[in-house]
Amino acid sequence: MAGEDKKQQPFDSKAASSLVAELRGAFASGTTRSYQWRESQLRGLLRMTDEHEQDIVAALRSDLGKPELESVLYEAAMLRNSCKFALKELQRWMMPEKVKTSLTTFPSSAEIVSEPLGVVLIISAWNYPYLLSLDPVVGAIAAGNAVVLKPSEIAPATSALLAKLLGEYMDSSSIRVVEGAVPETTALLEQKWDKIFYTGNGRVGRIVMAAAAKHLTPVVLELGGKSPVVVDSGINLQIACRRIIVGKWGNNNGQACIASDYIITTKDLAPKLVDVLKNELETFYGKNPLESKDLSRIVNSDHFTRLTKLLDEDKVSKKVVYGGERDPTKLQIAPTILLDVPRDSLIMNEEIFGPLLPILTVDKLEESFDIINSGAKPLAAYIFTNDKKLKEHFVNNVSAGGLVVNDTTVHLAVHALPFGGVGESGIGAYHGKFSFDAFSHKKAVVYRSFMGDAAIRYPPYTNGKLRLMKALLGGSILGILRALFGRS
Amino acid sequence: MEDETKAPEEMERELEEMRECYRSGRTMEASWRKSQLKGLLRLLREREEEIFRALHQDLGKHPAEAYRDEIGSLIKSVNYALDGLKRWMSGNKAKLPRLALLTTAKILPEPLGLVLVISSWNFPIGLSLEPLIGALAAGNAVVLKPSELAPECSSLLANAIPHYLDDKAVKVIQGGPGIGERLLLQKWDKIFFTGSARIGRKVIAAAAEHLTPVTLELGGKCPAVIDTLSSSFDRKVAVQRVLGAKFSSSAGQICIGVDYVLVEKKFSSSLVELMKMMMKKMFGENPRESQSVARIVNKHHFLRLRSLLLDPLVKSSIVYGGSMDEESLFIEPTILMDPPLQAAIMMDEIFGPLLPIVTLNKIEDSIEFINSRPKPLAIYVFTKDEPLRRSMVSKTSSGSIVFNDAIVQCLVDTLPFGGIGESGMGRYHGKFSFDTFSHQKAVMRRSFLVDVWFRFPPWNDHKLQLFRSSYHYDYLGIVLTVLGLKRTNRASKGI
């Protein structure tokens, strides 16, 4: 039955509503709650990724021109790691967490029990279409939910592959894929879900949250922003540049939510920085980067046009110091560096999401913090420096989803760190246990005995009871004794 | 109230000033946060009499009730926050795999910015200040909008807070729905709302425009499931706790109060007899004179509750109480036996001193009964039966579930307090309050000294193999590959 949701008839409101009803029935039957089910589904995802790695690589090449190494590393391997980590920790995550109770509710014991939310909707993005579809699914399954996945239509080969593979490897009574574009997504968003997990941009994020609002559905929104890189002097510039380059162009050619969006550095350091960047870029991608096999292409002509518009704006077109070449037939734009772009240019006012790297220059590096904080809070912010004071100032004063000192993007791979935004860059977080938590309800459970009651709790209310109550809530035994003997 | 007439530009200017104050970094300092919390403590201690008066005037609460449910609980919460503040602010180290040499990772909490707290009328002091504790401990600037339906308490807060807290960073804005709507049009870094689901939807819809995260503490119909208890002592305690939870806290106008009771048919009549006896003990022969029953907050709610009893089938199911006095907004604690399930009293959250008892054939049927209705904020189960206990925990879903008591879960600082589904989203109390008003920022620090050289293009199979090994934390594999002793997957497959 499974992934054949791409039927002949359109997937409309009615179809969406009956899909949800079906999954609610499956959830109500209790299937998804057992440890065995969750474990078997996670193993299914693992096997699926192992056995079809080459198909995944091919789909990503078709959708994005993604180099094999990036597909294997940033999509397949990361997803595998996610599954393995969840499998390793699942039993522990599922266990209730005992908590301490105090004198005020004595005698009692209490714990926090994690339970699944129910039926959840996951809407994923086009730039890491395999990973960003399945990584949230790992969390949803680990937490015991039934899942509907809506992959991005802008990566159609991967979307079709997911529909096919999930149909073969997963329990289709509780895990389904709906392919499609705006009409299908709209139909899905009209339904009542127990959680919606969305990865994408702020404009659609607002639409998702507004739709969720009608049903009081909680959401996780993984959005984006302009992730800045602050570069100080007195560092190993070559290493810094390599890390910046691989974090930008080595990540889907800059089409990644946590890729370095722009650089801020001092006027003094800028020329040297540009030189080192040029050298390293040539080492990585050769003299003709448009020919390099190690760069993804721009995903489609819409984005190609958008990016060339950023590049060709009058204010900015003379600021190109490296690159700028483009090939519309291959939808490819060469790694491009721009120096000293004006703050009010188009390129500095939207998330670039492409292979263009503007550099802003300031007199003193401390000015960079104001620049960053005057804009919307980004998903990530980076700084390269050996200055301890600058590091601390950065960490304590720059607000972003996540920060990295002396590198870029690597925090993505650390399971123990929550991955998510703040402000315009998103709501909620996931990865590792945070994924499990994102798809769970943490239910408070209190066990009381019939013994140990205090008459003071109940009417009739008197001033004596009031005194005793004060002492009891204050929690001090001495106070309680004093009140009992009428002394406070 | 004066704030209603404030011009929109004036409100925006005030808020912009507050944002400036936040940006200056003042509220982030530990010393500022401590001083605000201590200020709250002083407010609660020094203005205690005033608070008692205001609560009595707005809701007819006796000081014992006011202390138990609001002042005392707040003092406990402030002390808990003062105690934990330093620890909470310092964040948590994150465990890294061994491969990550000379790297550290940490989760650092930071304030969100300028937050809005909208509180409800039934615990007008408690529900205003409890979220405030979290917001201040987390280092935010705060606007508090108390409920206009508890006007004395709203005024008290508006007058007192500027004296005890930093009036540049903490403001009280009074008013009704008009002010509420205007506030919701602004951009906040978080909105914390306590109230009805109807308004909750409006809050989250407004928040969606700005991608503002929200916590919604809503309500629902919290059932009390009373199993057939063999010990008479247990029976007495159970009844006392259920009746106390229903009638002695804000006259049932409480989101986590007992809304209705579920009991087996064969136990129901002795239960009712026991209840009647207990009611007399708690409220005397003349409950209206007893000072132990709070008033209904206003005429609108009084009329709403009265209309629940107009349906003749509902009226005829009353087995105790039923008298009302519009003049004094008093409704006598009332028990009903098996009113029709389609009647409004069994469909909407009652939020008043009317207690329906629903009888079932078997107590296990309560699970299906509860599950066929929206998820409540709390479920209360009075039983000593282990299998029933386990079933209730695993087969029902609610914000919280309490065995053999009611309401007390809100006093446990180590438990998250919040709803699920229609009863809300998000949680607070204890450290959860701090967390709900914080952003958990991931911070990673790397050294320049160590890098894996194969991180960088140009790509080849050799590098690919190294990556595979490192992703598997297969250190031996890495060493062998670097030494050229391990063939790549493709080479070994003969490709």
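This is a predicted model: local features need pLDDT of at least 70, side-chain atom pairs count only at pLDDT 80 or more; totals for chains, interfaces and linings use all residues.
Chain A is divided into three parts: domain 1, which covers residues 13-223 together with 431-442, domain 2, which covers 228-419, and domain 3, which covers 454-485. Between domain 1 and domain 2 of chain A, the C-alpha centres are separated by 31 Å. Contact between these two domains of chain A involves 23 residues of domain 1 and 24 residues of domain 2.

The size of an interface is often expressed as the accessible area that is lost when the parts come together. For domain 1 and domain 2 of chain A, the area buried between them is about 1,900 Å², and 53% of it lies on carbon and sulfur atoms. On the side of domain 1, the residues that lose the most area to domain 2 of chain A are A:W126, A:H431 and A:F434, which together account for 27% of what that side buries.

Polar interactions between the two domains were also counted. Domain 1 and domain 2 of chain A are linked by 8 residue pairs in polar contact, with both residues at pLDDT 80 or more, whereas the number of salt bridges between these domains is 0.

Three elements of chain A, namely α3 (53-64), α4 (68-94) and α15 (433-438), each give two or more residues to the side of domain 1 that touches domain 2. The most is given by α4(A), with 6 residues. By residue class, this side of domain 1 of chain A comprises 10 nonpolar, 7 polar and 6 charged residues.

Definitions and conventions. Residues are numbered from 1 along each chain as its sequence is written. Chains are lettered from A and ligands numbered from 1 in the order in which they are written. Side-chain values use heavy atoms; hydrogens and water are left out. Domain bounds come from an automatic or database domain assignment. Contact means heavy atoms within 4.5 Å. Buried area is the accessible area (1.4 Å probe) that two parts lose on being put together, summed over both. A salt bridge is a side-chain nitrogen of Lys or Arg within 4 Å of a carboxyl oxygen of Asp or Glu. A polar contact is a pair of N or O atoms within 3.5 Å; within protein, one must be able to donate a hydrogen and the other to accept it, and residues adjacent in sequence count only if both atoms are side-chain atoms. Helices (H or I, at least four residues) and strands (E, at least two) are DSSP runs, numbered from the N terminus. Ala, Val, Leu, Ile, Met, Phe, Trp, Tyr, Cys and Pro count as nonpolar, Asp, Glu, Lys and Arg as charged, and the others, Gly among them, as polar.
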